[in-house]
Amino acid sequence: MAYKERLNKRGFEETRPIEAKVGIIKRADGSAYFRIGNTIAYAAVYGPRNLFPRFLQDPQRGILRCNYNMMPFSGSGERVRPGGSRRSKEISLVTGKALLPVLNLEEYPNTVVDVFIELPQTEAGSRCAGICAASMALADAGLIMKDLVAAVSVGRVDDKLVVDLDYSEESYEGIVADIPIAMIPNSNKITLLQMDGMIPKEDVKKVLEMAKKACKKIYEVQKSALKDKYKVEQDV
Amino acid sequence: MYSELRNHIIKLFESNVRLDGRKLTEYRKPVTVEYGVTNTAEGSARVKIGNTEVIAGVKIEINKPFPDTPAEGGLVVGAELLPLSNPDFELGPPGIEAIELARTVDRGIRESKCVDFKKLCIEEGEKAWFLIIDIVTINDAGNLSDASSLAALAALKDARFPKLEGEKLNYKEKTDKRLDIKNSPIAVTVIKIGEKFIVDPDTDEEKAIDARLMVSSIEDGTLCAMQKGGNYPLTAEDIIKMVDIGIEKGKELRKAL
């Protein structure tokens with residue numbers, strides 16, 4: 001069976017509607033909100049701040065700690081037990097790796113930068129939404145950065161390559177490949193890549209190209225949200 | 001540790017004014033309640049008091065009733081002081097503060113009898129509806145306790161039962177069936193600093209607290225739960241005054257629902 005039209009009626013390279021804001025959590029040094037379709041991510045950054053116990057400190061550079069957490073009521077089925085799972089630990093790890101290349105942590109020796117990602121509502125693509133929010137929050141915190149990081153999932157549903165799979169596509173009966181990707185938009189470098197599912201190797205190049213285009217669009221939304229916060233009200 | 005700050009706060013109180021210019025028993029403005037903030041929960045609400053923001057979500061499950069109440073459903077309240085919301089909160093299992101918060105919110109709802117747990121029983125001793133409220137903090141600018149209890153009640157009011165298909169619950173579809181909420185228990189935490197009483201402390205005032213009393217009351221002024229906190233004792237006269245303030249301010253806060 002061919003996948004002629006997306007179950008959600010979107011174009012094959014079209015993402016769900018995106019909304020982004022920064023500075024939403026006043027207590028934090030930097031914060032952001034990123035919504036893609038029904039998936040919502042909050043991110044807060046605290047730091048660079050002192051790191052204890054001191055043996056964890058690195059005199060060469062600051063340390064980045066990321067934590068990804070689904071709120072107990074954020075899953076589409078039963079309640080998610082609070083306290084973290086193997087899944088959330090793995091996502092925290094790959095999120096940190098996705099963000100690290102744009103940071104200049106050598107500027108902040110002996111410190112830690114904490115990134116907390118919280119999801120009040122999820123429907124596929126939550127790690128990518130978390131990464132998008134986190135990179136905006138890091139910028140909002142005023143850290144020295146080389147660029148932002150934009151992330152989106154791409155993949156294959158039956159015979160078609162698609163951008164930003166939602167729940168209906170992730171759970172599609174047939175061949176599905178889900179590939180979350182994070183990119184540094186200005187250098188086109190990839191900082192996160194995971195995949196589950198099956199895909200012929202010829203499609204990998206095409207799907208990376210699609211991810212690049214979608215990440216550039218997300219990047220524009222991220223930048224404009226950051227600029228919005230610092231926009232000076234123009235008096236007539 | 002904060003004695004300078006405390007002295008300053010007490011001095012201001014003498015002229016009936018607070019650090020941010022508010023009167024002693026004045027809440028920050030606005031107090032807002034927004035319903036249905038996450039569609040994965042059966043009910044949810046976001047409460048903002050000034051810059052303080054919390055979200056509460058209700059999941060509705062079917063469980064075996066507790067052995068001591070075989071013909072009743074259940075209520076479980078959890079609270080997480082997320083490290084996202086305050087630089088001093090840490091990752092890990094709920095600490096003593098989060099547990100106290102969850103339990104006081106739980107008591108306010110349970111003891112007000114606003115939910116008839118007998119009506120949540122499906123099959124005696126076997127199956128009953130359980131309401132699981134989770135409170136998460138988004139921004140802690142003081143007074144998480146009042147915001148949390150308001151959010152928990154609002155989330156219950158917003159809740160709709162999931163669809164029961166045979167033995168299984170279909171969380172994808174919500175029914176139109178809502179909980180029958182008979183009254184609105186509102187918690188107001190009254191704070192004593194020096195000889196004065198205030199409500200809705202901000203972050204600085206929370207550092208200077210001598211004692212606090214969380215007062216939960218329903219519409220007619222009947223008390224349904226209380227909790228004394230803080231390191232200093234209170235006199236009976238203090239408590240009478242604090243209860244009065246709690247009930248009066250509760251009426252004001254209830255209007256935000």
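**Helix packing, chain contact and local backbone features**

In chain A, residues A:I91, A:T95, A:A98 and A:L99 of helix α1(A) meet A:R127, A:G130, A:I131, A:A134, A:S135 and A:L138 of helix α2(A), where two residues are in contact if their C-beta atoms, placed from the backbone, lie within 7 Å. The residues of this contact comprise 6 nonpolar, 3 polar and 1 charged; Ala, Val, Leu, Ile, Met, Phe, Trp, Tyr, Cys and Pro count as nonpolar, Asp, Glu, Lys and Arg as charged, and the others, Gly among them, as polar. The model is a predicted one, in which local features need pLDDT of at least 70 and side-chain atom pairs count only at pLDDT 80 or more, while totals for chains, interfaces and linings use all residues. Residues are numbered from 1 along each chain as its sequence is written, and chains are lettered from A and ligands numbered from 1 in the order in which they are written.

Helices (H or I, at least four residues) and strands (E, at least two) are DSSP runs, numbered from the N terminus. Two packed helices are described by the angle between their axes and the distance between the axes. For α1(A), residues 86–99, and α2(A), residues 126–140, the axes come within 10 Å and cross at roughly 45 degrees; axes are lines fitted to C-alpha atoms, for helices over the stretch in contact, and angles run from 0 to 180 degrees between N-to-C directions. The two helices α1(A) and α2(A) are therefore oblique to each other, given that angles under 35 degrees count as roughly parallel, over 145 as roughly antiparallel, 65 to 115 as roughly perpendicular and the rest as oblique. The crossing of α1(A) and α2(A) is right-handed; a crossing is left-handed if the near helix is turned anticlockwise from the far one by less than a right angle, and right-handed if clockwise.

Helix α2(A) also packs with helix α4(A), residues 201–229, at an angle of about 35 degrees and with the axes 11 Å apart. The crossing of α2(A) and α4(A) is right-handed. In α2(A), the residues A:C132, A:M136, A:A139 and A:D140 meet A:I218, A:Q222, A:A225 and A:L226 of α4(A). The contact of α2(A) with α4(A) has 6 nonpolar, 1 polar and 1 charged residues.

In chain B, the axes of helix α2(B), residues 96–111, and helix α3(B) come within 10 Å, crossing at roughly 45 degrees. This angle makes α2(B) oblique to α3(B), and the crossing of α2(B) and α3(B) is right-handed. From α2(B), the contact involves B:L101, B:T104, B:V105, B:G108 and B:I109, and from α3(B), B:L144, B:S145, B:S148, B:S149, B:A152 and B:L153. By class, the contact of α2(B) with α3(B) has 6 nonpolar, 5 polar and no charged residues. Helix α3(B) is mostly covered, with 14 of its 15 residues buried; a residue is buried if 20 or more other C-beta atoms lie within 10 Å of its own, exposed if 12 or fewer, and partly exposed in between, with C-beta atoms placed from the backbone. The 15 residues of α3(B), residues 144–158, should span 21 Å at 1.5 Å a residue, and its end C-alpha atoms are 20 Å apart, which agrees. The expected span is 1.5 Å times one less than the number of residues in the helix.

Between the chains, 24 residues of chain A are in contact with 30 residues of chain B. Strands β3 (39–50) and β5 (111–121) of chain A each supply at least two residues of the side of chain A that touches chain B, and β5(A) gives the most, with 4 residues. The residues of this side of chain A divide into 10 nonpolar, 9 polar and 5 charged.

Most residues other than glycine have a negative phi, and most peptide bonds are trans. A cis peptide bond joins A:G47 and A:P48, with omega about 5 degrees, and A:P48 is found in strand β3 of chain A. The peptide bond from A:F52 to A:P53 is also cis, with omega near -5 degrees; A:P53 lies in the loop between β3 and β4 (63–70) of chain A. Residue A:K9, in the segment before β1 (18–22) of chain A, has a positive phi near 70 degrees and counts as exposed, with 7 C-beta neighbours inside 10 Å. Residue B:D200, in the loop between β10 (196–199) and α4 (203–207) of chain B, has a positive phi near 55 degrees and is buried, with 26 other C-beta atoms within 10 Å.
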